[in-house]
Each structure stands twice: as C-alpha cells, then as structure tokens.
Amino acid sequence: MNELDRFKEKASSYREALKNQPGARLFELYPILWYLEKHRKAIGKRRDKLRIVDLMSGSGFLSENLYKLGYKDLHAVEFCEEMYKDASVYNSKAKLHFMTSFDYLDGVLDEVKPDVIVTLASFHHLLIYNNDNQVNLDASIDKQSEVVDICMRALPDQGILLIADLIEAGVTETPLELFKSSMAVVARDLVKLGLDKELGELLGQSNSLHGATSLLYRELGTKSGNLSLNWFRTIVDKKTFIGHKDIAISPNFLQRVASYRPVVTKYTCPWVFKERVQLDEFVYKKFAFGVASEHGQILTKDESISCANIHLGIRNDHGVYALGWNLGIVLLGKRDPFSKNQELNVLVASLLAMLTILAGATGLRYWFGFYAPIDFKDILVFILTLPIGIIFGNWITKKKLA
Ligand SMILES: C[S@@+](CC[C@H](N)C(=O)[O-])C[C@H]1O[C@@H](n2cnc3c(N)ncnc32)[C@H](O)[C@@H]1O
C-alpha cells in the first residue's frame, strides 16, 4: 500500500482524533514558532505579511494554529483529498493547493513565492517502493532531497525551510544554537492556542530550544530514547492493518542537503490532555487501531492503549496527562538564516568611517593647527560620494542579477 492510499484509509479516524483534541499536539509547534518569529523580524515583515507554505498540511493542524496567531498569508499543499475535506481552515484561512503529484510542486511554489516553507510530521512519508513492495531507502532519500531542492529554489535568498519530523537516533544534533532569546512569546502564543497556562509559564522560562526541550523532558517527559520512531516501527506498523512505513530524517539525508547547512535540533513535545479518557481516545483514533480489515482488528482498544503506556509512557503531572513524544526540527537556508541585511551594514559602516575622518580632521585643525583649506561644498561631496556610490552599486548589481 502506498502512503497516500494508507492516508485515504485512515483519514477519517485521524481527522476525528485531531478535531476532538485540537490542543493535544501544541508542543510540536514551539520550535516552528520560535524560528518563524526570529525570521520575520530578521526580514522585517509583520506576521500577516509573512507568506508561509504548509507542505503536506493534512487536516490543517499547523495552518489553523498559525492563522490564529496572526499569520494570515498561508498556503497549504496537500495530496490526499480524504485528509483535507471538511477542514474549515481551507475555506478562508489558508489557500489550499491540492496536488496529485510532486511534479507540480515546482510550478505552484514558483507562483506562490513563499518566504518560508514548513512541513510538520510528513516528510518521513516521502517514500519510494521497490517492485517487491519494500521501501527503497536510497530512492526515498533521493526523493526527499529533490523535494528540498524544489523548496529551496522557490525561496528567496533569505528564505528558510523548516522540517519538523521523526528523526533517526543516529542523527547528530547541531551543538551550537543559532541564537538565544526568551521563549516567553512562543509560550504566550501556545497559551492563546489553548495550552494550559501553567505549562505555558513553564515553557516561557527557557531561552533556547535546547533549554525548552530539557525543561519539558524534566517536567512532563516519560521515557528516554527515540520514542515516537520506535513506536511507529514496532507497534503502529506491525499492529494496525494500515501499517506505517517511514524514512525518518537520517544522517544520509542530512548529508545530501548539506549545501543548505542544516541546523538540527531534537525536541521533546509531549501530547497533553486534561483527562485520561481523552488521551486513550486520541491514541486509538490517531493511529487508526480501530480501522479493521475483514478479519477484524489486531489489537483491542485496551491493548493499544496499554502498548502506548509501555512504549511511549503516560505521566500525570502539572494537572495534565502527558504522552511521551519527540521529533526533530531541521532548519535549512541558502544563506546564514536570520542574517541582517548586509547592504545596510555597509552603508552604516561607510558613514561611520566618514564621521571618524571628519572628527580626526577637526581635532588636527583645533589642537595642532593642521588643516587643508576645504569649503562646505567639498565636505558635502566627501560625505555623500561613498553612500550614494554604494546605493547605486547595489542597484546595478541587483538589476544585473534580476
Ligand atoms: C501525518 S500527516 C501530517 C499532516 C499535518 N502536517 C499535521 O501535522 O497534522 C501526513 C500528511 O502527509 C501527506 N502525505 C503522506 N504521504 C505522502 C506522499 N507520499 N506524498 C504526498 N503527501 C503525502 C498525507 O496526505 C498527510 O496529510
């Protein structure tokens, strides 16, 4: 069964789980919101003007929440009709681009011209199968790299691609984070979206992604290790009729996209619920344990929940029930992400250099009586020549590159 057929089968169960518990997965969003906020500030755009593509958007979990936070220029790309149908987010909040093949992605992105492309919990589904119905690892990684290339081509020089997804245990994290700043804004946003206030205050104490993930692990974490990936491979794939195949973010993939200097962060993102029955229902529906073949189900509801308890872990703390979950986020860009506009720096530097020369000349004139007679007009020409030269230089370069 290919991935889209799998989703076709389980779409209604999956959508129902998310519809009933819209706040359960909110912690998956904090690294995305963290990078988006930094990026929009770096390029000087308001939230409502930042054009974001939500690639493989499913029933619209990411788009819906971004819209609620004021990101209004949203485009969603989805390939499975059963996943997006009835999702109200596509009526007026995010523009849906339905595609039947990745062959059309280039054209659509070229038209949309996004500032940022984000893909959540989907990239591992980009799979190529052999004739014997086994996943072809190399061909799948080729496919994933091709999709990255298509995205990067469509992005402007300063654009970024964010892939938040399952990650292989063997992937090495980027040790140094790109920046530090308070997580308070992201935490407040998550509370606005429905996260419990106490959990928001907790998250708001950190000032980096590494800090946030350690804190969430300490306060709500269940088990160590790569829970989510192991869960899919040992339970969902083997104990549901629909199954689950993946090529999670791997060292080989990261090597293939090395020219975009991937920054990799692994993060804890427990799914949280007010009531235990909500957690049970969510697990059962989201992973489609109840979607039966003509022979019935493989696991009963109680058995599937007991498996979740064993493999993912359930913790009751801070007034919520937390189910262990972890992902990784990969940030890719053509140039250093979040770098400020270099043209402006050159202009400011040239003005500073001139001010220094003028201050030096004034000092020489008054303290040592050393000066060359120049009138106001010469000073004006001196002051204006270099910055105007730089502005024209940049303009001509841009024209030539366009
Ligand atoms: C797990 S869902 C995630 C949806 C959404 N991003 C979210 O976080 O809720 C994965 C999505 O990827 C899409 N998808 C899966 N395999 C695909 C493939 N081979 N080609 C295109 N889309 C695929 C599915 O239709 C589904 O909507």
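1. A word on classes to begin with: Ala, Val, Leu, Ile, Met, Phe, Trp, Tyr, Cys and Pro count as nonpolar, Asp, Glu, Lys and Arg as charged, and the others, Gly among them, as polar. By that scheme, the shell around the ligand holds 11 nonpolar, 4 polar and 3 charged residues.

2. Please keep in mind that this is a predicted model, where local features need pLDDT of at least 70 and side-chain atom pairs count only at pLDDT 80 or more, while totals for chains, interfaces and linings use all residues. Residues are numbered from 1 along each chain as its sequence is written, and side-chain values use heavy atoms, with hydrogens and water left out.

3. Overall, the protein chain has 16 helices and 10 strands (DSSP runs numbered from the N terminus: helices are H or I with at least four residues, strands are E with at least two). Its C-alpha atoms fill a box of roughly 100 × 45 × 40 Å along the principal axes. Of its 402 residues, 49% count as buried (under 20% relative accessible area; exposed is over 50% and partly exposed in between, with a 1.4 Å probe and protein chains only).

4. Which residues come nearest to the ligand? Of the 18 around it, they are Arg25, Met56, Gly58, Glu78 and Leu120 (near here means a heavy atom within 4 Å). Helix 1 (residues 3-20) gives the largest share of this shell, with 4 residues.

5. Arg25 places a polar side-chain atom 2.8 Å from a ligand oxygen. Backbone atoms take part too: an N or O atom of Met56 is 2.9 Å from a ligand nitrogen, and a polar backbone atom of Leu120 lies 2.9 Å from a nitrogen of the ligand. The protein covers 94% of the 590 Å² of accessible area that the ligand has on its own (Shrake-Rupley method, 1.4 Å probe; for residues, only the protein chains shown count as cover).

6. Do look at Asp246, in the loop between helix 11 (227-239) and helix 12 (251-256). Asp246 counts as buried because its relative accessibility is 10%. Its side chain makes a polar contact with the side chain of Arg233 at 2.7 Å (a pair of N or O atoms within 3.5 Å; within protein, one must be able to donate a hydrogen and the other to accept it, and residues adjacent in sequence count only if both atoms are side-chain atoms). The Asp246 side chain also reaches the backbone nitrogen of Ala248 at 3.2 Å.

7. Finally, Phe376 is found in helix 16 (residues 376-401). Phe376 counts as exposed because its relative accessibility is 63%.
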